[in-house]
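Open the model in your viewer and keep the selection panel at hand.

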Amino acid sequence: MAKGTDHIVKAALITGAGAGIGLATAQRLAREGFRVAVNDLDPIKAADVAMSLGKGHIAVPGDVASENDAEQMVDETIGAFGRLDVLVNNAGIGDGAIPALEQQIDRFRRTLSVHADGCFLLSRAAARVMPRGSAIVNLSSIAGQMGIPNRIGYAAAKGAVSMMTRVLACEWAALGIRVNAVAPGYVRTALVDGLIADGQIDAKGIEARTPMRRLAEPVEIADVIAFLVSDQASYVTGAILPVDGGYAAFGAPFDSAEIDVVGGAG
Ligand SMILES: NC(=O)c1ccc[n+]([C@@H]2O[C@H](COP(=O)([O-])OP(=O)(O)OC[C@H]3O[C@@H](n4cnc5c(N)ncnc54)[C@H](O)[C@@H]3O)[C@@H](O)[C@H]2O)c1
C-alpha cells in the first residue's frame, strides 16, 4: 500500500477459512484491522467464523472450483466493503494419500480442481477489481516441491499452485499486485491431528525428518501470510516461501536428531 493510505480500512478475502490455516489467517488479519470475507464450502463454518471475528466481517460461502461461486464471492466482498486488497487462496483438500496405481481419476481431478482451478478463478476475479498495492498469497506445500510418495493428485495440484504464483507475479507486477506463496510442511490442524490419531500420518517420522523436530502450528503459517501481504514485503513477488521447520532444506541420509552440532550453547 502506498504511503499516506494507512487510514483506509483494507479488505481481505480468505478461502477455506472455516478451519485450520485459513481460520488462523482470518483471525490474524482481522486483528490487524482488515475487514475479512470468510469463504468456506461449508456455509455454517463460514458464517460461524465471520461472526466469531466480530462486527464488520462477512461470510461468502461457495466452492472455489466453481467459476460462478468464485466471481460471486468477489462481488459480495466488493458489495460489502467497497474494495478488495488481499486474497488468500487457502481452500484445499487431500487426495486420499494412496498409491498412484490405485488413485481414481475423479479424486485426482477434484483435487486438481479445488487447488488449481480455485487459485486461478479467485485470482482472476480478484485481480480485475484489486487496487495497486494489493497482494495475493497462495497456499502451496512441500508436496509441490518434493516427490512425496502416495500424493500424486495433491503434488500435481500444489505444483500447479506454485507455478501459477510465479506466472501471475510476472503478469500482475504491472498492475501493482504482488503474488506470493507459502509452502508449509506439516501443520498441526484439526485435520492433521485426526490423521495422526488414525495412524495415516506418522508424526514421529515427520519430526525425525524435520530439523526443527516438530510440526508447525497454524498461527505460524498465518504470521508469514500476514508478512507477505504487508508493506514490509513491498518488494517481494513471485516467491514460494518455505514455512517448514527446515524440511525442504534437509538432505542428509540420516535422522535429523543425529545432526552433529559442535559448540552449541544448548
Ligand atoms: N495442514 C497441513 O499440514 C498443510 C501443509 C501444507 C499445505 N497445506 C495447505 O493449506 C491449506 C489449508 O489447509 P488446512 O490444513 O488448514 O485444511 P483444513 O482441512 O483444516 O481446512 C480447509 C478448509 O477448506 C474448506 N474447503 C475445502 N474445499 C473447499 C472448496 N472447494 N471451496 C471452499 N472451501 C473449501 C474446508 O471446508 C475447510 O474448512 C490447504 O490448501 C492445504 O493444502 C496444509
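Select α4 and α5 first: their axes come within 7 Å and cross at roughly 15°. The model is a predicted one. Angles under 35 degrees count as roughly parallel, and α4 and α5 are therefore roughly parallel to each other. As for handedness, α4 passes α5 in a right-handed crossing.

Keep both helices selected and show the ligand. Residues 105-127 form α4 and residues 152-172 form α5; each of these helices supplies at least two residues of the shell around the ligand.

Next, select the whole shell. There are 30 residues around the ligand, and those that come nearest are Ile 21, Asp 40, Asn 90, Tyr 154 and Val 187. Colour the shell by class to find 14 nonpolar, eleven polar and five charged residues.

Then zoom in on single contacts:

- Ile 21: a backbone N or O atom of this residue is 2.8 Å from an oxygen atom of the ligand.
- Lys 45: here an N or O atom of the side chain lies 2.8 Å from a ligand oxygen atom.
- Asp 63: a polar side-chain atom is 2.8 Å from a nitrogen atom of the ligand.

How much of the ligand does the protein bury? Taken alone, the ligand exposes 840 Å², and 91% of that is buried by the protein.

Notes:
Residues are numbered from 1 along each chain as its sequence is written. This is a predicted model: local features need pLDDT of at least 70, side-chain atom pairs count only at pLDDT 80 or more; totals for chains, interfaces and linings use all residues. Side-chain values use heavy atoms; hydrogens and water are left out. A residue is near a molecule or strand if one of its heavy atoms lies within 4 Å of it. A polar contact is a pair of N or O atoms within 3.5 Å; within protein, one must be able to donate a hydrogen and the other to accept it, and residues adjacent in sequence count only if both atoms are side-chain atoms. Accessible areas come from the Shrake-Rupley method with a 1.4 Å probe; for residues, only the protein chains shown count as cover. Helices (H or I, at least four residues) and strands (E, at least two) are DSSP runs, numbered from the N terminus. Ala, Val, Leu, Ile, Met, Phe, Trp, Tyr, Cys and Pro count as nonpolar, Asp, Glu, Lys and Arg as charged, and the others, Gly among them, as polar. Axes are lines fitted to C-alpha atoms, for helices over the stretch in contact, and angles run from 0 to 180 degrees between N-to-C directions. Angles under 35 degrees count as roughly parallel, over 145 as roughly antiparallel, 65 to 115 as roughly perpendicular and the rest as oblique. A crossing is left-handed if the near helix is turned anticlockwise from the far one by less than a right angle, and right-handed if clockwise.
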